[in-house]
Amino acid sequence: MTDADNVLFVVLDTVRKDHLTPYGYDRETTPTLESLAAEATVYEQAVSPAPWTLPVHASMFTGLYPSQHGASQEQPYLDESIGTLAEALQSAGYDTACYSSNAWITPYTRLTAGFDEQDNFFEVMPGEFLSGTLADLWQKVNDNDTLRSVANKLVEVGNDIHEYFAGAEGADSKTPEVIDNAIDFTDDADEWFTFVNLMDAHLPVYPPEEYAQQFAPGVDATEVCQNSKEYNSGARDISESEFEDIRGLYDAEIRHMDAELDRLFSHLKETDQWEDTLVVVCADHGELHGEHGLYGHEFGIYDPLVNVPLVVKTPGEEGRRDDTQVEMQDLYHTVLDFTGVSAGRGEPLDSTRSLLSADYRDFADGEYAFVEYHRPVVELKQLETKAEEAGITLDEESRYYSRMRAARRVDGKYIRNERITDEAYRIDTDPEERDDRIDDPDEVVEEIEATLREFETRVGETWDDDYDPDADVLGEMDGTAKDRLQDLGYLE
């Protein structure tokens with residue numbers, strides 16, 4: 001290991017590529033990233049393997065597709081048999097730290113495995129509270145099919161509580177404290193791997209006044225729709241003018257995160273660490289603001305959700321733009337390649353999946369990216385609750401109940417849907433995915449669909465199971481499990 005091996009890995013949670021200055025956005029939301037782009041590679045075609053946090057982070061930390069690592073809403077944690085990037089770096093002598101305000105990045109999901117230090121600023125259930133016995137309980141509950149509805153309800157209630165505390169009274173952003181911790185850690189560490197997840201752009205959005213006035217003047221954040229399930233269920237309508245207000249608040253949150261990143265980047269430069277550091281800035285997924293009749297990041301795998309921003313600064317390299325299609329799990333191999341660290345019990349380094357390699361993507365199907373959206377258990381339960389409160393009955397043969405997969409090339413995309421008709425788009429001529437070509441396929445669409453079928457065969461993932469999310473299971477829980485859930489406030 002050399003002295004030039006530090007790694008800073010930043011995820012801007014829920015941030016759309018087309019809302020960032022380096023990607024041509026007409027509002028200056030990210031001057032810090034614009035400056036970074038002058039000395040980094042800006043990837044135009046980075047594709048995330050899923051539209052939400054848990055499976056994407058698991059993929060970035062393991063180099064595996066969601067069907068391979070198994071972390072989804074049907075198994076909401078990373079199995080302990082799978083080695084992680086942080087574990088590999090930790091074993092090689094790196095100081096490792098994870099600072100986040102995302103409830104999914106905690107010991108109970110095992111995404112913090114391998115980090116010497118981890119702090120989760122999720123207001124309801126902080127990371128240290130979800131370690132040890134509670135982390136074990138979470139996995140046992142989710143391993144038991146008959147207890148899964150309790151786990152689903154737990155997350156649903158937790159999300160409701162988070163929405164309340166993060167909401168109308170303007171709970172303080174945790175991002176400054178996340179950045180403070182990252183700065184302190186890098187100062188005290190030798191060779192280090194620092195992972196940061198910033199959650200400000202995730203609903204609900206209540207930006208600091210400074211940035212709200214800049215990007216959403218006169219908008220009352222308590223008046224706009226801050227719950228995507230209300231809109232997606234049909235319980236609440238959102239006009240285009242209201243979506244404009246929502247986008248303004250969203251931009252304000254992005255500007256806030258960018259300003260905090262400037263503090264971190266400036267500190268690394270002032271302390272002579274910047275030149276020796278691989279810097280990765282990306283999003284795990286994006287957000288829909290009414291496109292395809294959807295709000296948030298559930299029930300679809302369209303490009304605003306999965307074609308994510310990715311900016312990578314490698315010491316000694318000059319700034320450039322790259323339109324090669326990139327898969328986000330390739331960042332695992334990129335970091336291993338940069339540091340020269342053995343994967344240990346994790347996936348071995350594959351140089352054809354390292355962004356630093358001359359033979360990057362030089363493998364069969366290397367021009368394709370694959371996306372997987374497993375059963376949206378938690379979102380579906382919350383959606384059903386909002387619909388029921390509004391007297392609406394949801395169609396079970398709809399996208400809300402459907403698993404999804406996609407294969408994507410830079411010229412096209414095929415989406416396999418479990419319960420509704422498949423979709424196909426020529427994204428080279430129709431980047432907004434408005435013209436569904438499923439009934440008028442061409443050679444591009446046919447090639448992509450055939451490759452998706454081959455991928456499905458390869459990963460061995462099926463959609464056949466007898467899981468019943470509505471089973472009445474409370475009577476089957478043992479006393480210890482009930483006590484722990486009572487401690488969390490989910491049972492009386």
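Which residue in S4 does Ser100 stand opposite? Ser100 faces Asn120. The model is predicted: local features need pLDDT of at least 70, side-chain atom pairs count only at pLDDT 80 or more, and totals for chains, interfaces and linings use all residues.
- Eight strands form an open sheet, in the order S4-S3-S5-S1-S6-S9-S2-S10, with mixed pairing.
- Strands S4 (117–120) and S10 (320–327) stand at the edges with a single partner strand each, so one side of each has no neighbour in the sheet.
- Neighbouring strands of this sheet are turned by 15° against each other on average, direction ignored.
- Strand S3 (residues 95–100) pairs with S4 in the parallel sense, over four bridges.
- Helix H12 (residues 330–339) packs on the sheet and touches S1 (6–12), S6 (277–282), S9 (307–313) and S10. The direction of H12 makes about 160° with that of S1.
- Terms: strands (E, at least two residues) and helices (H or I, at least four) are DSSP runs, numbered from the N terminus. Two strands pair if DSSP finds at least two bridges between them. Contact means heavy atoms within 4.5 Å. Axes are lines fitted to C-alpha atoms, for helices over the stretch in contact, and angles run from 0 to 180 degrees between N-to-C directions.

**Helix H10**
- H10 spans residues 240–270, which is 31 residues.
- From first C-alpha to last, H10 reaches 45 Å, close to the 45 Å expected at 1.5 Å a residue. The expected span is 1.5 Å times one less than the number of residues.
- Just after H10, Asp272 takes a positive phi of about 60°.

- S13 (residues 412–417) is mostly covered, with six of its six residues buried.
- Gly412, Tyr414 and Arg416 point one way from S13, while Lys413, Ile415 and Asn417 point the other way.
- In a regular strand, side chains alternate between the two faces of the sheet.
- S12 (residues 404–409) runs antiparallel to S13, joined by six bridges. Arg408 has Lys413 as its bridge partner in S13. Two residues lie between S12 and S13 in this hairpin.
- S14 (residues 423–425) also runs antiparallel to S13, joined by three bridges. Tyr414 has Ala424 as its bridge partner in S14. Five residues lie between S13 and S14 in this hairpin.

How values were computed
Residues numbered from 1 in each chain as written. Heavy atoms only, no water. Buried < 20%, exposed > 50% of the residue type's maximum accessible area, 1.4 Å probe, protein only.
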